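Let's take a walk through this structure together, from its aromatic rings to its overall layout. Have the sequence and the 3D view ready as you read.

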Amino acid sequence: AGDNDRLIQTFVFTESECCNCGVVGAALHSSQLFVHTDYNFDWEPLGKLLTVTAANRNHIYTIDNLTAVDAFAKYLGEDFAQGLPHTGQEYPLMAEREGTVISRPVIGRLENGGVVVNANMRVGEKVRFGYANFNTVLQSAQKMHQQLEQQPMESVFVYYCTARLGFFKAVGVRETLPNYCD
């Protein structure tokens, strides 16, 4: 569970326990079980391609030879950069790996002007800033609804990231309701 976007500590919990360091797994097994997975990311890259010029695992030190914070300031404004890491989920870094667009929101800020993102980045990797296109998200949700209607189902599990909930507020949750997109 997140910590209401404070980016300090997260928790894993069950009905009877809560811990700050752990994982929870679940397995279902049945010859009659049908599982359909899908996602609706639909954040779109914008702006010019930038190059990660110094990084180590999930720490990005420089982008186009500017400190990561200075790169955010150059392209998204000084106020945005000063708000990092909290503003970093609004315009995550996006890259393409093996034909799949990945998103790396900023979750921490380093004293040397670098940033911490939610997963590893590679030196030389090309990135762009991403933004949420509300219309594209709703169109994709409509397609997803149409696909789900063709599947046998008893349960639907929806997982939202903090950025999506924050950006779309209550409207984002409504996209999961039946007939919302019709």
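A residue counts as buried when its relative accessible area is under 20%, as exposed when it is over 50%, and as partly exposed in between. Keep in mind as you look around that this is a predicted model.

Which ring does Phe129 pair with? The partner is Tyr75, and the two form a tilted aromatic pair, 6.2 Å from centre to centre with 50° between the planes. Tyr75 belongs to helix H1 (residues 68–76) while Phe129 belongs to strand E10 (residues 126–132), so this pair ties together parts of the chain that are 54 residues apart in sequence.

The whole structure contains 4 aromatic pairs, and ring pairs link Phe72, Tyr75, Phe80, Tyr91 and Phe129 into a cluster.

Now step back to see the chain as a whole. It has 4 helices and 10 strands, and reading along the sequence gives the pattern β-β-β-β-β-α-α-β-β-β-β-β-α-α. Of its 182 residues, 30% are buried. Among contacts with a separation of 6 or more, 61% are between residues 24 or more positions apart.

One place to look is a nonpolar surface patch of about 320 Å², made by Leu28, Leu33 and Val35. Leu33 sits in the loop between strand E2 (18–19) and strand E3 (43–56), and with a relative accessible area of 39% it is partly exposed.

Where is the cis peptide bond? It joins Leu84 and Pro85, with omega at about 10°; Pro85 is in the loop between helix H2 (78–82) and strand E6 (93–97).

Two residues other than glycine have a positive phi: Arg57, near 55°, and Glu98, near 50°. Arg57 lies in the loop between E3 and strand E4 (59–63) and is exposed, with a relative accessible area of 60%. Glu98 is found in the loop between E6 and strand E7 (100–104), and it too counts as exposed, at 83% relative accessibility.

Key. Residues numbered from 1 in each chain as written. Predicted model: local features only at pLDDT ≥ 70, side-chain atom pairs only at ≥ 80, totals over all residues. Heavy atoms only, no water. Phe/Tyr/Trp six-rings, centres within 6.5 Å; stacked < 30°, edge-to-face > 60°. Helix = DSSP H or I, 4+ residues; strand = E, 2+ residues; numbered from the N terminus. Patch = residues over 30% accessible without salt bridge, like charges linked within 9 Å, V, L, I, M, F, W, Y side chains within 5 Å. Areas by Shrake-Rupley, 256 points an atom, 1.4 Å probe, with all protein chains shown as cover. Salt bridge = Lys/Arg side-chain N within 4 Å of Asp/Glu carboxyl O. Buried < 20%, exposed > 50% of the residue type's maximum accessible area, 1.4 Å probe, protein only. Contact = heavy atoms within 4.5 Å.
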